[in-house]
2 protein chains.
Amino acid sequence: MSMIFRQLFEADSSTYTYLIADPNTGEAILLDPVMETVERDLQVLRDMGLTLTATLETHVHADHLTGARRLQNRTQCKIAYPAMVQASCIDIGIREGEPFRVGSIELHPLFTPGHTDHHHSYLIDTPVQKMIFTGDALLIEACGRTDFQSGDAATLYNSIHNKIFSLPDETLIYPAHDYESRFVTTVAQEKARNPRLGGGKSKEEFVTIMENLDLPYPRKIDFAVPGNEQCGSCPDNVPEGLKGSCAYRDQG
Amino acid sequence: MSMIFRQLFEADSSTYTYLIADPNTGEAILLDPVMETVERDLQVLRDMGLTLTATLETHVHADHLTGARRLQNRTQCKIAYPAMVQASCIDIGIREGEPFRVGSIELHPLFTPGHTDHHHSYLIDTPVQKMIFTGDALLIEACGRTDFQSGDAATLYNSIHNKIFSLPDETLIYPAHDYESRFVTTVAQEKARNPRLGGGKSKEEFVTIMENLDLPYPRKIDFAVPGNEQCGSCPDNVPEGLKGSCAYRDQG
């Protein structure tokens, strides 16, 4: 097994998009692509001589619009989403227990609800250590919020403990976001340092922390969620100041 | 290529010892083993059914005694050190340009002086991303001190920029120490966040920072350096309160 791996960044929503490709077949996927960076992503693929076969999502994002539909328009790639998200634009429904393949690379979907009710993480067994893409379930020294989109703190606690913290200490964790220029963490590191979960915090402690975060209303959620439920189309209700989030509205 | 990888920790000196092994041959090395944790390391090797073929050092440490000599006494492994450290106890002299092999795994030594005048880092090309073991040259949001053992801040700056920051952004950096339960970082992360080097700091800025650290005198240096120059023997001058650092004095 060998694998091309790039960690790409979209600054407005601080989102990491992951490029995963099989160097032997030239097949590539983009995990959690963002609409604003579709052209950048296509350029990276061209520069590396790769063919985009699919986009893949960890969940229906509330903080940015996915680039999936626009990338499909440009490359005829497939669009993969957790199967619980039902929409006619989805080509491939993801379920735990059914590996998602990119050439000879296998991504193992793990059902990790709590941030949303359909959230999946993706585990790859590399020849050295495991790497897991945790989306918004587990972030570096943080985690996804649980106060909208059928989020539930106790459910998220179970997902993190049963599906992520049960992996070997050296497992690399690649999240969907970071807001402080951190790029990677490990299971051992989050078990020790995560302020909401680390040091063996109980489910009750975690739920109390999550209930008291007092977070602002997400600025893009009203159009991002319906837009992402349509694989990254631009609804009519995008406010004037956020039109840049729908840079491809005409073609969407 | 496949590789067994464990990141082991010694708490008194906050040292990471790395176990690297070829699962196909069962050959293993320990990078920067510590005297106090020799029995723990041997147990890990036994549990995994591995044979220790060598110990390997990034440099002559000043903050702990290496477990090299004691591990050799117990397993007949070879002792590898940077070749610039000349001592009769050293079996293998490491030089940049000459790969060090563990079964089919190649560690590429990179000469990274500055913390000490003989310091080497070790680069492995995994099938996914590169990983580099930076010893005390580059730590997570820090770096090794440069005020003893022929250290030199300008030299360290050049080593970090020419040998480490020139690697791809996704390269995993595994340091010899961390004091805050962090386990891994990346080239992109240190370029952005390292308070002594990040954000494109100049060599002059770095040298000024290093000159003004005002660090305490290392508590073990007076016996650790001569002891490590003999591959981890216990000199006579170990103070009473630090005898635990020479737990194997009788056998050393």
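At 23% relative accessibility, Lys130(A) is partly exposed, a class lying between buried (under 20% relative accessible area) and exposed (over 50%), computed with a 1.4 Å probe on protein chains only. Asp125(A) is likewise partly exposed, with a relative accessible area of 41%. The side chains of these residues, Lys130(A) and Asp125(A), form a salt bridge with an N to O distance of 2.7 Å; a salt bridge is a side-chain nitrogen of Lys or Arg within 4 Å of a carboxyl oxygen of Asp or Glu. The model is predicted: local features need pLDDT of at least 70 and side-chain atom pairs pLDDT 80 or more, while totals for chains, interfaces and linings use all residues. Residues are numbered from 1 along each chain as its sequence is written, chains are lettered from A and ligands numbered from 1 in the order in which they are written, and side-chain values use heavy atoms, leaving out hydrogens and water.

Over all chains, 30 salt bridges are found in the structure. In chain A, the side chains of Arg182(A) and Glu141(A) are paired at 3.6 Å, N to O. This pair links distant parts of the chain, 41 residues apart: Arg182(A) is in the loop between strand E13 (172–175) and strand E14 (185–186), and Glu141(A) is in the loop between strand E11 (138–139) and strand E12 (142–143). Helices (H or I, at least four residues) and strands (E, at least two) are DSSP runs numbered from the N terminus. Arg182(A) is buried at 10% relative accessible area, whereas Glu141(A) is partly exposed at 21%.

In chain B, a salt bridge of 2.8 Å, N to O, joins Glu141(B) and Arg193(B). Glu141(B) lies in the loop between strands E11 (138–139) and E12 (142–143) and Arg193(B) in helix H4, so the pair ties together parts 52 residues apart in sequence. Glu141(B) is partly exposed at 21% relative accessibility, as is Arg193(B) at 24%. Salt bridges that share partners join these two residues into one network, whose members include Glu141(A), Arg182(A), Asp178(B) and Glu180(B).

Arg196(B) is located in the loop between helix H4 (187–193) and helix H5 (203–211) of chain B. Arg196(B) is buried but has no salt bridge, and the nearest side chain of opposite charge, Asp147(B), is 9.1 Å away; Lys and Arg count as positive and Asp and Glu as negative, with His and the chain ends not counted. The side chain of Arg196(B) reaches the backbone oxygen of Cys143(B) at 3.0 Å. Not counting residues up to four places away in sequence, Arg196(B) touches residues including Ala142(B), Cys143(B), Phe206(B) and Leu213(B), contact meaning heavy atoms within 4.5 Å.

Methods: A polar contact is a pair of N or O atoms within 3.5 Å; within protein, one must be able to donate a hydrogen and the other to accept it, and residues adjacent in sequence count only if both atoms are side-chain atoms.
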